Amino acid sequence: AQSVTQLGSHVSVSEGALVLLRCNYSSSVPPYLFWYVQYPNQGLQLLLKYTSAATLVKGINGFEAEFKKSETSFHLTKPSAHMSDAAEYFCAVSGDFGNEKLTFGTGTRLTIIP
Amino acid sequence: DGGITQSPKYLFRKEGQNVTLSCEQNLNHDAMYWYRQDPGQGLRLIYYSQIVNDFQKGDIAEGYSVSREKKESFPLTVTSAQKNPTAFYLCASSITGTSYEQYFGPGTRLTVT
C-alpha cells in the first residue's frame, strides 16, 4: 500500500529565505507524486506533479520539487519565501495503475515571518 | 468556467439529523471523490466513484452514504450514525486513466451540535 510522510507539521521561515518542505513516500509501483496547497477554508490547489518525466518539476508560484527514487523523496522548495506563501501544503502519492485514488500526507503548515 | 462547486459553504445541523452535501462538476471527469479533513489528520477518503452508478468505500465510509446517478453530481449524505460529523468536507474529481491529478472544490464546513 502507498503511504506518504511529511516531516514537520509546522514550518516557519523568514520572508526571503529558502522554503523546504519534506515529503517521503512508499509505493510498490513507480509513483505519480503531487504537491497541493490549501489556504484557510478553501479547497486544495495543485502546485506541481511528477509523472515519470523530468525528475525536477517546476510548479506555480515559484515552487519546484525533485523526485529522488533512491531516497523515496519528493521535497518541495522555493528559493525565496513570500508572505503570500503562508498556507498548508500536502504531498500525495498515486495508487497502483488503474487505481485512481491518491494517498495524502498529514500536511505541513507554513508560516512566513516578516 | 469549468470547475467543481460545493454547496453550501457552511452548514449547521442538530445531532441526529441526516444532512446532504452537494458536489457538482462541469469538467466532464469520470471519477469523483469525497474527503474529510480534520486538523492534523490530512485528507481521509470517504467514498469515490469512477463511473456513473458505481462507487466504492474509502477508508472512513462508516456513517456516510453517496449516490452517483449523473456524471456531474456526487452528493454525500452524513447520517446520524456518523459519531463525529463535524469537519471540513472536500469533493474532488479526476480524469480516469491519466496522471490521476485531482481537482478540488472549495469545501463545505459542517458543524453538528
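1. pLDDT is the predictor's confidence in each residue, from 0 to 100. Chain A has a mean pLDDT of 92, with 97% of its residues at 70 or more. Strand β11 (residues 102–104) of chain A has the lowest confidence in that chain, a mean of 91, while β3(A) has the highest, 98. Strands here are DSSP runs (E, at least two residues), numbered from the N terminus.

2. This is a predicted model, in which local features need pLDDT of at least 70 and side-chain atom pairs count only at pLDDT 80 or more, whereas totals for chains, interfaces and linings use all residues. Residues are numbered from 1 along each chain as its sequence is written, chains are lettered from A and ligands numbered from 1 in the order in which they are written, and side-chain values use heavy atoms, with hydrogens and water left out.

3. Beyond four places in sequence, A:Leu48 is in contact (heavy atoms within 4.5 Å) with residues including A:Trp35, A:Phe74 and A:Leu76.

4. A:Ile60 lies in the loop between β7 (56–58) and β8 (64–68) of chain A. At 31% relative accessible area, A:Ile60 is partly exposed. Leaving out residues up to four places away in sequence, A:Ile60 touches A:Gln45, A:Leu46 and A:Leu47.

Conventions. Helices (H or I, at least four residues) and strands (E, at least two) are DSSP runs, numbered from the N terminus. Buried means under 20% relative accessible area, exposed over 50%, partly exposed in between (1.4 Å probe, protein chains only).
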